[in-house]
Amino acid sequence: MIPGDAAYRAAQRADLLSFASAARTDGGFGYLDETGAVDPDQAMPLFVAARMTHVFSLGSLAGEPPAAGGPDHAELIALAEHGVRTLTNGPLHDAEYGGWFASIQPDGSPEGAKQAYAHAFVMLAATSALAAEIPGAEELLDVAGAVMRDHFWDESTGTVVEEWNRTWTSLDDYRGVNANMHTVEAFLAAGDVTSDPIWHARAGRIAERIVALARHNEWRIPEHFTPSWEPVLDYNRDQPAHAFRPYGATVGHGMEWARLLVAVNETLGEKAPAGLTEASVALYDRAVADGWAVDGADGFIYTTDWAGTPMVRARMHWVVAEAICTATILHSVTGEQRYADDLQRWWDYSDTYLVDHDVGSWHHELDSANRPASETWAGKPDVYHAYQAALIADVPTTPSFATALAKRDAAAG
């Protein structure tokens, strides 16, 4: 198989589902270590449990042959059902105050903060499960959508706020691009699966703000903001490798936003904010120029400062996965050969350095010499980015992954 060709992608999807299936725990899906076992010393993050539910729903919709020893179609449905059931009534759900805890600690205690980032993934998981006709998914989506609407959506700014305390009585002043990015993904998927245009419109409003911010910053997206959306460009200067809020420009987010902007544009059509495809190309070009092999070795670095100087030179697997997704989409909508060339380069790199051909899944972090590392990401906690990278060439640009697979199944009879 050639890295990135149809057979390779199918084999990757099967391998990733097989690896991920070991994450099942009584309370949801746990944090996997390098070997694919649940790490008892790690908390169970809400975003991981939701992402796994999303991926198992996609796998059940894809209906592909399993890897040797991997979950078959019935087992994937059971895993998706388990995800929906535990997100609805499991330990991550706050039955007293509503919404979901950020994580469950190894001793079973909840981390009380309510985060937009993780709630967006609950909403995404519910949309995919609904498309896959998983029992309870519609109810889960109703609840997740209401929480996003009532607590996180800020109509005055057209964005989501970041984090509440457990009782929804104290809102953190921080505003962030990462949570808004994944909210766009969730809102697009919600609009696709429910046909309610409000979700697509809200995704468009977020996208419009981010494009304006990036355009005025040489297409390096500011990540951290005050409540009035003033950039805080020195935020976390002393924590440049932070997993969710690093200092500077995050190369992978340039890629991820580039993909989502095309999706917003294709979804909204004439109602889309102007210039989204052009912005997508500009973000992609900036990410490649700033991030790819800038220190003498292949791979995308994690972050740069605001002049494009490398800050954190570790290579995160999700950045390459998003580069694969975005190159696929831009080649599809522009027809330009350069994206196909890049796509093959990203797949070759992934196969050489990131894909763990012995144990399974992808190494989540490499050092600057492309050796497995764990400064920011320990283990292989989930397969969300890699699975979508292996799927994106096999579905249309829009609608979102789950709805596209569901429509393909319906068309096939």
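## The second largest cavity

By class, ten nonpolar, seven polar and three charged residues line the second largest cavity. Here Ala, Val, Leu, Ile, Met, Phe, Trp, Tyr, Cys and Pro count as nonpolar, Asp, Glu, Lys and Arg as charged, and the others, Gly among them, as polar. This is a predicted model, where local features need pLDDT of at least 70 and side-chain atom pairs count only at pLDDT 80 or more, while totals for chains, interfaces and linings use all residues. Residues are numbered from 1 along each chain as its sequence is written, and side-chain values use heavy atoms, with hydrogens and water left out.

The volume comes out at about 190 Å³. Of the 20 lining residues, Arg 51, Tyr 117, Trp 318, Trp 377 and His 385 lie nearest the centre. H2, H6, H8 and helix H10 (317-334) each supply at least two residues of this lining, and H6 gives the most, with three. Helices (H or I, at least four residues) and strands (E, at least two) are DSSP runs, numbered from the N terminus.

## The largest cavity

Searching the whole structure turns up four cavities of 30 Å³ or more. A cavity is a set of points on a 1 Å grid over the protein atoms alone where a 1.4 Å probe fits but cannot get out, and lining residues have an atom within 4 Å of a point. Grid points are joined across faces, edges and corners, and a volume is the space filled by probe spheres set on the points.

The largest cavity has a volume of about 300 Å³. It has 28 lining residues, and Arg 259, Thr 397, Pro 399, Ser 400 and Phe 401 are the closest to its centre. The elements giving two or more residues are H2, helix H4 (116-131), helix H6 (177-194), helix H8 (251-268) and helix H13 (401-412). That lining splits into 16 nonpolar, nine polar and three charged residues.

## H2 against H3

Helix H2 (residues 46-62) and helix H3 (residues 73-89) have axes that come within 8 Å and cross at roughly 145 degrees. Axes are lines fitted to C-alpha atoms, for helices over the stretch in contact, with angles from 0 to 180 degrees between N-to-C directions. Contact means heavy atoms within 4.5 Å. Residues making it include Leu 46, Ala 50 and Phe 56 of H2 and His 73, Leu 76 and Gly 83 of H3. The tally is nine nonpolar, six polar and no charged.

## A three-stranded sheet

Three strands make an open, antiparallel sheet in the order S3-S4-S5. Strands pair if DSSP finds at least two bridges between them. Strand S3 (44-45) and strand S5 (110-111) sit at the edges with a single partner strand each, so one side of each has no neighbour in the sheet.

Methods
1 Å grid on protein atoms, 1.4 Å probe; cavity = no way out; pocket = protein on both sides within 12 Å on 5 of 7 lines; lining within 4 Å.
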